[in-house]
Amino acid sequence: DGGITQSPKYLFRKEGQNVTLSCEQNLNHDAMYWYRQDPGQGLRLIYYSQIVNDFQKGDIAEGYSVSREKKESFPLTVTSAQKNPTAFYLCASSPTSGTGANVLTFGAGSRLTVL
Amino acid sequence: AQSVTQLDSHVSVSEGTPVLLRCNYSSSYSPSLFWYVQHPNKGLQLLLKYTSAATLVKGINGFEAEFKKSETSFHLTKPSAHMSDAAEYFCVVTVEMDSSYKLIFGSGTRLLVRP
């Protein structure tokens, strides 16, 4: 079955450490996204990519970095510059054309806790 | 500016009674609108979408939503709540951005279903 796989599901990090969250999709979608979710708030866009080797900052990109070297993969690095990284991180993908354009398919999420 | 407002942070209903989750949007053009559902510690799943076809949209699990342009609303309803409907629900509106689209998420409504 096609879908999005995020790993790890739970991650603990000490202050000052960088961590990388994995996101892999086998849906053949062109666009991929990273969102951050905090309690009582909607999802906020961190980065998105419409095509391989290209990505754009979202609303809260500071302290995060991404790469898109393969269509299937869009890893997110949470750097030590991110002041409040404890959150639930969601990866999503979508087609960029056709009836499914802008309809997001989400992974199950990764919960990052900074100790 | 485009935005989406979910009018209730929590809604509590008894099993078997109707569900109404309210959403108002602000958009300078005809938007695409979505409802997503999120069960605890899971990713989001698409319930339904409106893309300027029929104003009454039917989704999965018996949910439906009606697009009312005059009221700028897209409320989600279900005739009879089931215990498995307990989850968080997000209303989403699209925003045109350069040559692509960005999704704006509401802050979410948590639905509680009492036995």
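In chain B, the loop between β7 (56–58) and β8 (64–68) contains B:Asn61. Helices (H or I, at least four residues) and strands (E, at least two) are DSSP runs, numbered from the N terminus. This is a predicted model, in which local features need pLDDT of at least 70 and side-chain atom pairs count only at pLDDT 80 or more, while totals for chains, interfaces and linings use all residues. Residues are numbered from 1 along each chain as its sequence is written, chains are lettered from A and ligands numbered from 1 in the order in which they are written, and side-chain values use heavy atoms, with hydrogens and water left out.

The backbone of B:Asn61 has a phi near 60 degrees, a positive value in a residue other than glycine. Most residues other than glycine have a negative phi, and most peptide bonds are trans. B:Asn61 is exposed, its relative accessible area being 51%. Here buried means under 20% relative accessible area, exposed over 50%, and partly exposed in between (1.4 Å probe, protein chains only). A positive phi, near 45 degrees, is also found in B:Thr72, again a residue other than glycine. B:Thr72 belongs to the loop between β8 and β9 (73–78) of chain B and is partly exposed, with a relative accessible area of 32%. In chain A, the peptide bond that joins A:Ser7 and A:Pro8 is cis, with omega at about -5 degrees. A:Pro8 is located in the loop between β1 and β2 (10–13) of chain A.

Strand β4 (residues 31–37) of chain A has 7 of its 7 residues buried, so this strand is largely enclosed by the rest of the structure. In a regular strand the side chains alternate between the two faces of the sheet. Both faces of β4(A) are covered, with A:Ala31, A:Tyr33, A:Tyr35 and A:Gln37 buried on one side and A:Met32, A:Trp34 and A:Arg36 buried on the other. Two strands are taken to pair if DSSP finds at least two bridges between them. β4(A) runs antiparallel to strand β9 (residues 87–94) of chain A, to which 7 bridges join it. β4(A) is likewise antiparallel to strand β5 (residues 43–51) of chain A, with 6 bridges. A:Met32 has A:Ser93 as its bridge partner in β9(A) and stands opposite A:Ser49 in β5(A). The hairpin of β4(A) and β5(A) has 5 residues between the strands, and within this hairpin A:Gly40 takes a positive phi near 75 degrees.

A:Ile60 is part of the loop between β6 (54–57) and β7 (64–66) of chain A. From C-alpha to C-alpha, A:Ile60 and A:Trp34 are 10 Å apart in space, although 26 residues apart in sequence. Apart from neighbours within four places in sequence, A:Ile60 has contacts (heavy atoms within 4.5 Å) with A:Arg36, A:Arg44, A:Leu45 and A:Ile46.

A further sheet of chain A is open and consists of 4 strands in the order β1-β3-β8-β7, with antiparallel pairing. β1 (4–7) and β7 of chain A stand at the edges with a single partner strand each, so one side of each is left without a neighbour in the sheet. Between β7(A) and strand β8 (residues 76–78) of chain A, the antiparallel pairing extends over 3 bridges. The bridge partner of A:Val66 in β8(A) is A:Leu76.

In chain B, strand β5 (residues 33–38) is mostly covered, as 6 of its 6 residues are buried. On one side of β5(B) lie B:Leu33, B:Trp35 and B:Val37, and on the other B:Phe34, B:Tyr36 and B:Gln38, all of them buried. The antiparallel pairing of β5(B) with strand β6 (residues 44–50) of chain B comprises 6 bridges, and B:Leu48 in β6(B) is the bridge partner of B:Trp35. In the hairpin of β5(B) and β6(B), with 5 residues between the strands, B:Asn41 has a positive phi near 55 degrees.

B:Tyr101, in strand β11 (residues 100–105) of chain B, is partly exposed, with a relative accessible area of 35%. Beyond its neighbours within four places in sequence, B:Tyr101 is in contact with residues including A:Asn102 and B:Tyr29.
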